Amino acid sequence: MNIMKTSLKFLFVSVLAVYTMSCEEQYPPTNLANNHIIPKPASVVATHGTFVLDKDAVIFYDSGNEDLKKNAGYLAGLLRPSTGFVIETKATSQNPGDGIYLTTGADKDSLLGEGGYELVISEKQVKISSPHPDGVFYGIQTVRQLLPADIESKDDTTREKWFLPTGRIRDWPEYQHRGAMLDVSRHFFGVETVKRFIDYLALYKFNVLHLHLSDDQGWRIEIESWPNLARHGGSTEVGGGEGGYYTKDDYKEIVEYAADHHITVIPEIDMPGHTNAALASYPELNCDGKARELYTGTKVGFSTLCTDKEIVYEFVDDVVREISELTPGPWFHIGGDESHSTDHDDYVRFVNRAREIVNSYGKKVIGWDEIAHADVNSEDVVQFWARENNALQGVKKGARVIMSPSSHAYMDIKYDSTTVLGLTWAGLTEVDDAYNWDPVALVDGIEKIDIIGVEAPLWTETIESLDDIEYMTFPRLPGYAEIGWTATENRFWEDYKVRLGKQKERFETMDVNYYKSPLVPWQDEEDIFIDEQKEGEVK
Ligand code: TNX
């Protein structure tokens, strides 16, 4: 019986192989509906033709639009290594009728909103239009995912023709805030690592990078008026390693790189708890006037700024001012979590003053859900991570919410009991748990209108390298992207896991160290091709 089975299987595979070879010219399939784009687009209509991208391709963009010019340059740069094509970018004042055409000519298309786009692929042209350059950038990511995984190769594949199936995609984000957080304090990560992280966010249409820049174990950004923060407070990390910090130029470089990828950086200075690194750098920030020792362990809740001292508010003012000057985005995150060593009334007073300082530098406040105990209002955002009551209280005071439930959205939580990296305090978060939740269904009394979006934090007590970052984020990160982008009624784990499984070759070509979850049907691209051929036959 077994022999029978094996030989049947062999016969089946050989037939498929011959069949595939004889169909080579048709590669890839021409059915746009068979895409495995993440996040899943709002609507896809296939027209069953093929667009051919070769070395003569030109990328056109609306003349006079500097943002689109940048998008065009970005796309040409994206295609360059793997195709080897030096693709020309050209300004145009009208639809050229062929090539790749990036345009904000969808001005009146209100359904798309600022982040939405329409991608129309015909045999002659790939046209990406959106009311806003952000949407065009997202359309570019969709095109990228429609191309084979090889497109991510850093080396010239020498492939002469690249194909896209024809049709129309109209697509827009469900939430305006789609973020990930990187804790650069517990372990420090240099500019290049942060840039790779930004690359991954861009691929999945995230638009926010939240940087957790200070904590007990390290202060990670240069502050000119308080130089010892970075010099001393940044000199170590969890486990006693070297640590490090961003100079102002480093931080600017990150912010600019993020902006080039249509991502806004949110800086966080966690206060009044999680401040040991600052308390070790300046004795006057402590109530007893004595500097603390640097800390390289992983406990939380033991440190607090001395909320009675005026010098503490001068410190907060200087820090907020210097960082805000370098931050084009509208937000400043003041942390506010786990201030277990701060008296409740002191905490409330501190947060209220910190809010005023942030507002005085033209920024809006975000804080972890505990800040709802202070006088938050409709200008503020509360980041839900632990306590439903806090989030609800924030909403009752008029604040809006970012959803980062630690039971689903924490990328530092282990996948299963065998995961070597990560923590377990919030349970375990397999890839299905990471995906299967609805921001609106989390807290009774918090409605869609109260929620600006979702964010997946990566805390780094156990994370030491880019490889570690990748292992914990992949493959959960694409799922968070889909929760933020795709309407809940359009999302199903059973469908998502198949699309995720089809990213295998892309992850591998990108050299991403990912967790091969047994819940995901990982597929090689040639098998996908065979499957899609089969599907084509049946239909
Ligand atoms: C809780 S989430 C924290 C962090 C830790 C994290 C570890 C939050 C606002 N505070 O300080 O790094 O748990 O998962």
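Start at the lining of the largest pocket: by class it has 15 nonpolar, 10 polar and eight charged residues. Keep in mind throughout that this is a predicted model.

**Stop 1: the largest pocket**

Select Asp 134, Asn 207, His 262, Ile 263 and Thr 264. Among the 33 lining residues, these lie nearest the centre of the largest pocket. The space inside comes to about 810 Å³. Now colour the elements that give two or more residues to this lining: helix H2 (66-83), helix H3 (133-146), strand S8 (177-183), helix H6 (248-260) and strand S12 (264-271). Then colour by domain. Domain 2 (31-172) and domain 3 (177-491) each supply at least three residues to the lining of the largest pocket.

**Stop 2: the second largest pocket**

Which residues lie nearest the centre of the second largest pocket? Select Arg 144, Glu 152, Lys 154, Arg 196 and Asp 199 to see them; the whole lining has 19 residues. Next, show H2, helix H4 (191-203) and helix H12 (466-473), the elements that give two or more residues to this lining. The volume of the second largest pocket is about 460 Å³. Its lining has nine nonpolar, three polar and seven charged residues.

Where does the second largest pocket lie? Both domain 2 (31-172) and domain 3 (177-491) give residues to its lining, so the pocket lies between these domains.

**Stop 3: the domains**

Give each domain its own colour. The division is domain 1 (1-29), domain 2 (31-172) and domain 3 (177-491). Hide domain 1 for a moment and look at the other pair. The centres of domain 2 and domain 3, taken over C-alpha atoms, are 34 Å apart. How many residues are in contact between domain 2 and domain 3? On the domain 2 side there are 22, and they touch 16 residues of domain 3.

**Stop 4: the whole protein**

Zoom out and switch to a cartoon view. The protein has 16 helices and 17 strands. Its radius of gyration is 25 Å, close to the 24 Å from the globule rule for 539 residues, so the protein is as compact as a globular protein of that length. Turn the model along its principal axes: the C-alpha trace spans about 80 × 65 × 45 Å.

Finish with a surface view. Of the 539 residues, 59% count as buried. Among contacts with a separation of 6 or more, 73% are between residues 24 or more positions apart.

Methods. Residues are numbered from 1 along each chain as its sequence is written. This is a predicted model: local features need pLDDT of at least 70, side-chain atom pairs count only at pLDDT 80 or more; totals for chains, interfaces and linings use all residues. Side-chain values use heavy atoms; hydrogens and water are left out. On a 1 Å grid over the protein atoms alone, a cavity is a set of points where a 1.4 Å probe fits but cannot get out, and a pocket is an open set with protein on both sides within 12 Å along at least five of seven lines; lining residues have an atom within 4 Å of a point. Grid points are joined across faces, edges and corners, and a volume is the space filled by probe spheres set on the points. Helices (H or I, at least four residues) and strands (E, at least two) are DSSP runs, numbered from the N terminus. Ala, Val, Leu, Ile, Met, Phe, Trp, Tyr, Cys and Pro count as nonpolar, Asp, Glu, Lys and Arg as charged, and the others, Gly among them, as polar. Domain bounds come from an automatic or database domain assignment. The radius of gyration is taken over C-alpha atoms; the globule rule is 2.2 Å times the number of residues to the power 0.38. Buried means under 20% relative accessible area, exposed over 50%, partly exposed in between (1.4 Å probe, protein chains only). Contact means heavy atoms within 4.5 Å.
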